[in-house]
Amino acid sequence: MLYTLLVWGIYLVFLPLILLFSFKKKYRESIPARFFLWRNPPLPENRIWFHACSFGETRALKPLIEAFGEEETALTTTTQTGYSEAKKLAKAVRYLPFEPLLWFWIKPQKALVVMEAELWYLLFYLAKRRGAKTFLINARISDRSYRNYRRIGWFYRKIFSQIDAVYAQSEKDKVRLEELGAVNVQVTGNIKLAQPAKPTKLYPKPAGIVVTAASTHEGEEEGIVKAFIAWRERHPDAKLIVVPRHPERFDRVAVMLEKASSQHGLRFGRWSETASLEYDIVLVDVMGELVNMYAISDIVVLGGAFAPVGGHNPAEVLPFGCRLVSGYEIFNQQAMFSAVEGAIFSDLDDLTKALDAALAAEPLRLKTPLSLEPVLKGIRDVV
């Protein structure tokens, strides 16, 4: 009750700001639903209730929801992107209300299955009190979060006292979770990897070594092209495919690549004009082709980490036997990089050496074998 009073106080203090944010397009649906229960009725009773925060976590629940079916499951999220994805997976979909509103909102359920770090005390407390067995799946604790959690470890021990079983991404996460009071902890790997990327089209692989610079950002292409051209002097059959992250940059990147190609006597082509990979440097300037390029690549240079962007998901290259080179700025993708091994890290100045190392390296691979069966069994035991 003390905790409930505290969060009610926080709610009232920030109510004007909440109302202000509700007019922004990004929050126009989620804030009224979460903070005022607008068009957000309780879930149907006696379901397997899954909860995830945003798009990626929601999407990762797909194989679990499919295992039990739409009539047995329900799904909540906290963001509009997560909600849109959830509507593709289940019929009973809601926004998760702000914590004190859960007293009026939660109905009896068979199980509550929460993804990753959505550690809301009243969510677990009320669900368990009203009959649900509670699970935390794909659980992880980053280095930064671990330091913060330990400062108020007494509070997290209260939360974990309401969680019946925990499925962690790694042994490191398991140890940290147990130190914070988690019980019945098993390591199952990162379930986001349960849905491997698949190409939408199969293109013939061009001759020579294919290097794909994937999801690149401002300031990265120049250094990657410079390193590739230097490296190509020893590998004259190598080809570079550049796939910028944002389409509004396609034309600017094309100008730079065409200039660099002509200065070094290389052939340059734009995919939108030729749909051909038989050039020395190719700009893929259409959306939806990145995974198709992974399928024909020998080495992937993953962008977003040579500039302070935070990196991109390395796991998408796993099904294709590629070698992976990344920058060091992976602060948004620490969990995904910790799930794989074999990645080579470099800055742009040393990228030529990194390409040599990649050529001699083993393909990227999973560090911890993935298994959904313990999670499925734990849920089946109570339903």
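**Salt bridges, cores and a surface patch**

Lys-192 has a relative accessibility of 26%, so it counts as partly exposed (buried is under 20% relative accessible area, exposed is over 50%, and partly exposed is in between, with a 1.4 Å probe and protein chains only). The model is predicted, so local features need pLDDT of at least 70 and side-chain atom pairs count only at pLDDT 80 or more, while totals for chains, interfaces and linings use all residues. Residues are numbered from 1 along each chain as its sequence is written, and side-chain values use heavy atoms, leaving out hydrogens and water.

There are 21 salt bridges in the structure (a side-chain nitrogen of Lys or Arg within 4 Å of a carboxyl oxygen of Asp or Glu). In one of them, Glu-116 pairs with Arg-140, with the closest N and O atoms 3.2 Å apart. Glu-116 sits in the loop between S4 and H8 and Arg-140 in the loop between S5 and H9, so the pair ties together parts 24 residues apart in sequence (helices, H or I with at least four residues, and strands, E with at least two, are DSSP runs numbered from the N terminus). Glu-116 is buried, at 5% relative accessibility, whereas Arg-140 is partly exposed at 30%. Glu-116 also bridges to Lys-192, at 3.3 Å between the closest N and O atoms. Here Lys-192 lies in the loop between strand S7 (185–187) and strand S8 (210–216), 76 residues from Glu-116.

Elsewhere, Asp-285 and Arg-270 bridge at 2.8 Å between their closest N and O atoms. Asp-285 is in the loop between strand S11 (281–283) and helix H15 (290–294) and Arg-270 is in strand S10, so the pair ties together parts 15 residues apart. Both Asp-285 and Arg-270 are buried. Shared partners, meanwhile, join Glu-57, Glu-116, Arg-140 and Lys-192 into one network.

What about the inside? The largest nonpolar core has 35 residues, and Trp-49, Leu-119, Leu-136, Phe-160 and Val-166 have the most contacts inside it (a core is a set of buried Ala, Val, Leu, Ile, Met, Phe, Trp, Tyr and Cys residues joined through side-chain atoms within 4.5 Å). Among the elements that each supply at least two residues are helix H8 (121–129) and strand S5 (133–139). H8 gives the largest share, 6 residues. A separate core of 31 residues includes Ala-260, Leu-266, Phe-268 and Ala-361.

As for cysteines, the whole structure has 0 disulfides (pairs of cysteine sulfur atoms within 2.5 Å). Cys-53 is partly exposed at 23%, while Cys-322 is buried at 1%.
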